[in-house]
Amino acid sequence: MRTAYSVETVRAAERALMARLPEGTLMRRAAAGLAVACGDLLRRNGRVYGARVLLLVGSGDNGGDTLHAGALLARRGAGVRALLVTPGRAHEGGLAALRAAGGTVIDRAGEAGTVDLVVDGITGIGGRGGLRPEAAALVRAVTGGHGAPVVAVDLPSGVEADTGEVRGTAVRADATVTFGALKPGLLIDPAAERAGALRLVDIGLGPELPDTPDLEALQYADVAALLPSPDAESDKYRRGVVGVVAGSERYPGAAVLAVAGALHGGAGAVRYAGARGDAVIARFPETLVSEGRPSKAGRVQAWVVGPGLGDGGAAVAAVADVLASDVPVLVDADGLRLMDPDAVRSRPAATVLTPHAGEAAALLGVAREEVEAGRLAAVRELAARFRATVLLKGSTTLVAEGGDTPVRVNPTGTSWLATAGSGDVLSGLTGSLLAAGLAPRDAASVGAYLHGLAARHASGGAPVSAQDVAAAVPAAWRDVSRG
């Protein structure tokens, strides 16, 4: 499992470690790791000896890490030039080391000449509010046309380390070398999209970091350990039955797609209770179809309600009926508009809400742009406000359940999932995992992981439909199970 920690937590760990080490040890460790990463990138495009490296150097330790790494590269034969953003505040030790190794300091971007690698050391993890105008102009000048890769030091300058927000101009890096621990902003868009490939340098912080991180990202082994697996005594009812209330005369496909996701999600059976049983049976004859109120459909271990329901009286009644049940419920799409917030908050069983940014904005009473810019804050607020597990869909899908539990970020998403009906498949898949016995946070996390991986399997870099994603879930499941 990958973990990320807040700036405050990382700094506390650094202070505790530095108190036991000789002065400058952590900076030397960070600089060594940064120099190795830069050297690896230079070798891919040629060699380190004779390469032309431009350092963009801010004040403080981030600038010191950059200067010391530049000194190491200069000793290996690279031509290293440093452009100081705040000349009077550059790290003195790092500056002396660079000059002693043969590196030079330039005064203007125009003096940089031809560049093979740009190292962004302008701001560190404490930066706030985007780059200042002079720094933004400098970045544009040196990255605007030469095509050299950009390596960010700890995180791209101008992004928010704790939240992933980008509140102004920020560096767009090809790779980011971060020290000691990942920071949340490196995993959450829009900042994550600017970080490029991530490389974590171990500087010895591990023993100083708390057991509970601020953010988690599941990996194959974590997902494999959570996947439900039938044993010799299992039958379709012991494996779990998921109920699906989806679709309408206007949106019959939502019913079919939600059932498709559910059938591939690990439960033993799927009950459909809705207006489009004919369409469901035509595509999936193994589905148990019933008419009337969902509560009369038969025993289920979890419900999925909302995709394509529309907004008529029958849809409102169906959502209320499902929320009155005593089993876990996943609410998606139209169900999010039709649900009674008080009914959600007072449920004795778990509730999972799966909004996209627009639906989240409506639930919070804010603009969509505010949710997209601050996804971490939005998912935490939704989980707290509705006392539910919330899966916030988007370029980075986040799962939160409130309290001090780490938010989970899904690493398998792909932009090809931005297609009609893919959310319906995710709802059915996640609901099936709930019915199979996974805890709400695990069901949402595993559902998102498999959904994204299935899209990658189905796509191969080409457009996919929601049906393609549903059909590829078994391949994704097998892939994870095999490790």
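Mentor: Quick definition before we start: a helix here is a DSSP run of H or I, at least four residues long, and numbering goes from the N terminus. Keep in mind that the model is predicted.

Trainee: Okay! How far apart are the N and O of the salt bridge between D40 and R43?

Mentor: Start with where they sit: both are in helix α2 (residues 25–44), three residues apart, so about one helical turn separates them. D40 is partly exposed at 22% relative accessible area, and R43 is partly exposed too, at 42%. Their side chains meet in a salt bridge, with an N to O distance of 2.3 Å.

Trainee: And R52 with D116: how many residues apart in sequence are the parts they tie together?

Mentor: The side chains of R52 and D116 meet in a salt bridge of 3.0 Å, N to O. R52 belongs to strand β2 (residues 52–57), while D116 is in the loop between β4 (104–106) and β5 (117–121), so the parts tied together are apart in sequence by 64 residues.

Trainee: How many salt bridges does a search of the whole structure find?

Mentor: Some of them link up: E216, R408, R441 and D442 are in a network of salt bridges. Searching the whole structure, the number of salt bridges found is 20.

Key
Residues are numbered from 1 along each chain as its sequence is written. This is a predicted model: local features need pLDDT of at least 70, side-chain atom pairs count only at pLDDT 80 or more; totals for chains, interfaces and linings use all residues. Side-chain values use heavy atoms; hydrogens and water are left out. A salt bridge is a side-chain nitrogen of Lys or Arg within 4 Å of a carboxyl oxygen of Asp or Glu. Helices (H or I, at least four residues) and strands (E, at least two) are DSSP runs, numbered from the N terminus. Buried means under 20% relative accessible area, exposed over 50%, partly exposed in between (1.4 Å probe, protein chains only).
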